Each structure stands twice: as structure tokens, then as C-alpha cells.
Protein chains: 2
Amino acid sequence: MGELPLTLEGEGRQRILAAAEKLFSDKAFDAVSMNAIALQAGISKANIYHYFPNKDALYLAVLRAASRNLRKLLNDAVDAHGTVVDVLRHFARCHLQALLDRPELVRLVWREILEKGAPRAQEFAEQGFADVFSALVAVLESGQVRGELRADFNPALVATLMLGANVFFFQSRDILRHYPAVGFADDPAGYDAGIVEILLRGLIPESSADTVRA
Amino acid sequence: MGELPLTLEGEGRQRILAAAEKLFSDKAFDAVSMNAIALQAGISKANIYHYFPNKDALYLAVLRAASRNLRKLLNDAVDAHGTVVDVLRHFARCHLQALLDRPELVRLVWREILEKGAPRAQEFAEQGFADVFSALVAVLESGQVRGELRADFNPALVATLMLGANVFFFQSRDILRHYPAVGFADDPAGYDAGIVEILLRGLIPESSADTVRA
DNA sequence: CTTTATATTGACCGATTGGTCGGGCGCCGC
DNA sequence: GCGGCGCCCGACCAATCGGTCAATATAAAG
């Protein structure tokens, strides 16, 4: 369909994967037909079956590639240097930016996680979770042993809170944009800066911080 | 099919809606066939079309009912009395408990929000969001004017953080259960208690809370 | 009993689905 | 020239899809 005949190695396969990734990220598995994928890729439907035995295998390949890419993308956001507080600030910002940079990948993998009806590759899609989560927990723990952070909170709980804040922002920003009270829907960096600041300092004025335990 | 002939008003309609709700909450729109709904409801497929003009209308009716129920359920979790801090604690716990009590409703509505490909009723599904979000913002603002909470944070941002913490927990608890560091995957009350405590007091030891602004 | 309106159904429709098949096209070794 | 071989396609398949329709069962109203 008027495409440039790029003669890269495995070009046909990549074309199919790219087309399928785009469609599967927008609509659910059953809502994407092999015909639509072929059309998007600019090839015939029968040709897809030259590279993939069936639709499930194609979907699995797409999910595998997306999960791998997303995993790498998110891992790159974790490593940083400086004080634990700086690392947390850096992580929050980079992690959310990574999500927003490749929304197709996130939606693809996250939909698989949420789907209870047909768990095609749940435990596989959860891989990206493990690295980031455990890395973040490690950062928080090191902050605790160094005395930079309180020792009386659960690191895994805070890690969940931070990841949840970013994922929820990613999922809900279209809704949040409608609310006048929300000024950060299009300012992910500002959002994360505010989140981390609140997490670090707390909501309670310091003078009365000890009266809350009543 | 051997069912008791309950002669309630609109019983047939309710049966269809219940069956469709169950199936639509597990699988996506295109993955649920009218045949499957009829089978689940114990009636014939043609009979569904006596109550609903087409599949979209049925799905919309299911989504409308689910959204309405979820909205009421979540609103009931908001109202409370006592200090602002107490209200926040109560809200977090009740909100998450409401999500976990009716997971089908949450999944149904949330899937509609996440789907970018076929926005059948997005703005409609977002209704439940508005009430809870604005109510929570109002609580936080009142806490600020009363001096119970800091005045230098964005209430909408904290509301997003709290809602996100609960929604993310709801979505990810099956994953979180796999991690040994997470002891709260099956303890939503403990999770929210920890979340609120961290939000209120912050991660930084109070003695060094003023050195972080560097 | 008859009329009338609502429920309910099996049989059927055209369209689309995932998947198959036989063959054509182009390129490389011989 | 020519025989393979990877790539690609139009045509086709049975199954299922959403949806229609004529016919029946049911039950209240006259």
C-alpha cells in the first residue's frame, strides 16, 4: 500500500508485530481481527500465518516484546545517584515519564494484567513489575538504614504507594483534566514533585505532628 | 431451564442484566457474545432482543446500572464525622473496602475508562469519579483552613494520591501477593492505615525535616 | 371461550471471524 | 535455463457473530 520496500532483515515480521501492537494497545484481543492487522501492516491476512501459527501466538509475541521493552524502559528510570531523597525524586519523575512516553506498551501490558477472563500471559506480563518494585523497595530500605528516612514504615507499602500514584496518574489523566481543581494533569513532573514532597514531609504541620497519635 | 418462575416485576430484564454484568466484568465487550449472555441468563438469545434493541444498548444499560451502584457505594464511604484526620482514615478504609466488595462493578466501569478504542460511554463512566474526588478535595481543604493540615500542598494532588493508592491496590493485589516483602496484600485495612499514617507524618524523621529543602 | 398483549422460542439471515490451501512471484545456487 | 525455496496472495472454509422473524406459549381482560 505505497509503503517503502525497506529490505531489512525480518522486515515482514516486524511490520506485523508493529501493526498488531498498535491495534492491540487500543482495543481488546477479540476486538482486533486478523484482517485489521493485515490491513494495518499493508499485507495480506494469509501472510500473517506465514510468520505466526495463529492469533494467540501473534498476540503473545506482541505482549512478550512489549513487556520486554517496557521492562527495560522502566529499569532505566530506576538507577540514579545521590541521597536517597534525590533518588526517590529522580525515580518518580523518570518512571512516570517512561509510562507516558510509551503509552501503547503500558496499556497493552496493563490490560493483560487486569483481564481475569482469559489469562493468556498474566504472570509473564507481571515481570516488569518485579524489577521496579524490588528496586524501589531496596532504595527505601537503604534510606532507612542510613537514617535518611524513618525506620517505622513498611518499605513495600511506600513503594506500592509511589508506583500506584504514577500508574493511577497515567490511567486517569484524561479524567483529571476535566476537574478545575487539578492543575497538574498535563504536568507530570510537577505532579511527581508534589507527590514526593508530600510523602517526605507529610500532611501534618510539624508543630502538631506528635498529637496525631491520640 | 428448571429455574423457579419468580414473577417479580421486570424479572426477565433483571436476569439478563445480571448475566451480562457478570460476563462483561470478566471479559471485554467483543469477547462476550449474545449467545453466552443468553446461556448465562438461562433464556434464549432472541429473547434478549425483546428487552434490548441491540448489544450496545444492553452493554450501556449494564454500564449505567453498574456505574450508578458503584457511585452510591463509594459515596456512602465518604461521609463521616470527627476530626479531618479521622475522616481521612475512615474514608480510605471504607473506599477500598467498597472497591473490594464489588469487584465486578469496579472492573466493568474501569475497563470502560481505560478503553481508548471504542469510547462507548466514557464520560458517563467517569461520573462516579467526580463525587468521590470532589468530596475528598473538600475534606482536605477544610482540614487546611482549620489548620489541622498543612496549607502548602495541593488538595487535588493529595486526593489523587489517596484514590490512586486504593485503585492501584485493588488492581494489583494479585501481583503484590507474590512478593514476600508485601505483607498487606490480604489486609486492605492495614494497607490503608499505613498509607494514611505515612501521608500524615511523612517519611522523613522530624528532626531533619527542615534540611530536605536544600 | 375469545381477545389482546406480553414473553419466549427455534430457525434462519448476511456478515465476519480465525484459519487453510494451492499457486504465483522473485531470487539464489547450479 | 532451471529447480528449489522463502515470501506472498486470492479464494475459500466451517464456525460464529449480531440480529430478524414468524410462530407459539402464557396469562390477564372482556
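Colleague: Which residues does A38(A) touch, not counting residues up to four places away in sequence?

Modeller: Please keep in mind that this is a predicted model. Leaving out residues up to four places away in sequence, A38(A) touches I43(A), S44(A), K45(A) and I48(A).

Colleague: Where is the place of A38(A)?

Modeller: A38(A) sits in helix α2 of chain A.

Colleague: As what does A38(A) count, buried or exposed or partly exposed?

Modeller: A38(A) counts as partly exposed, because it has 19 C-beta neighbours inside 10 Å and a buried residue needs 20 or more.

Colleague: On to the DNA. Which residues come nearest to DNA strand C?

Modeller: There are 14 residues around DNA strand C, and S33(A), N54(A), K55(A), G12(B) and A46(B) come nearest. The elements giving two or more residues to this surface are α2 (34–41) and α3 (45–51) of chain A, together with α3 (45–51) of chain B.

Colleague: How does that surface divide by class?

Modeller: The surface near DNA strand C has 5 nonpolar, 7 polar and 2 charged residues.

Colleague: And which residues are the closest to DNA strand D?

Modeller: DNA strand D is surrounded by 14 residues, of which G12(A), A46(A), S33(B), N54(B) and K55(B) are the closest. Here α3 of chain A, α2 (34–41) of chain B and α3 of chain B each supply at least two residues. By class, the surface near DNA strand D has 5 nonpolar, 7 polar and 2 charged residues.

Colleague: Now the two protein chains. How many residues does the contact take from chain A and from chain B?

Modeller: The contact takes 52 residues from chain A and 51 residues from chain B. On the chain B side, α6 (103–114), α8 (127–145), α9 (155–176) and α10 (188–201) are the elements that give two or more residues.

Colleague: Which of them gives the most?

Modeller: That is α9(B), with 14 residues on the side of chain B that touches chain A. The residues of this side divide into 36 nonpolar, 7 polar and 8 charged.

Colleague: Where is the kink in α9(B) centred?

Modeller: The kink in α9(B) is centred on F170(B) and is about 45 degrees. Of the 22 residues of α9(B), 17 are buried, so this helix is largely enclosed by the rest of the structure.

Colleague: Which residues of the other chain does D30(A) touch?

Modeller: D30(A) touches A28(B), D30(B) and A31(B), not counting residues up to four places away in sequence. D30(A) is placed in the loop between α1 and α2 of chain A, and with 16 C-beta neighbours inside 10 Å it counts as partly exposed.

Colleague: Let us turn to helix packing. At what angle do the axes of α1 and α4 of chain A cross?

Modeller: The axes of α1 (residues 11–26) and α4 (residues 55–78) of chain A come within 10 Å and cross at roughly 85 degrees. That makes α1(A) roughly perpendicular to α4(A).

Colleague: Which residues make that contact?

Modeller: L17(A), A20(A), E21(A) and F24(A) of α1(A) meet L58(A), Y59(A), A61(A), V62(A), A65(A) and A66(A) of α4(A). By class, the contact of α1(A) with α4(A) has 9 nonpolar residues, no polar and 1 charged.

Colleague: How do α1 and α4 of chain B cross?

Modeller: In chain B, the axes of α1 (residues 11–26) and α4 (residues 55–76) come within 10 Å and cross at roughly 85 degrees. α1(B) is therefore roughly perpendicular to α4(B).

Colleague: A last topic: is E115(A) buried or exposed?

Modeller: E115(A) is buried, with 20 other C-beta atoms within 10 Å. E115(A) lies in the loop between α6 (103–114) and α7 (122–125) of chain A.

Key
Residues numbered from 1 in each chain as written. Chains lettered and ligands numbered in written order. Predicted model: local features only at pLDDT ≥ 70, side-chain atom pairs only at ≥ 80, totals over all residues. Near = placed C-beta within 6 Å. Helix = DSSP H or I, 4+ residues; strand = E, 2+ residues; numbered from the N terminus. Nonpolar A, V, L, I, M, F, W, Y, C, P; charged D, E, K, R; others polar. Contact = placed C-beta atoms within 7 Å. Axes fitted to C-alpha atoms, helices over the stretch in contact; angles between N-to-C directions. Parallel < 35°, antiparallel > 145°, perpendicular 65-115°, else oblique. Bend = angle between axes of the 7 residues up to and from the residue. Buried ≥ 20, exposed ≤ 12 C-beta atoms within 10 Å, placed from the backbone.
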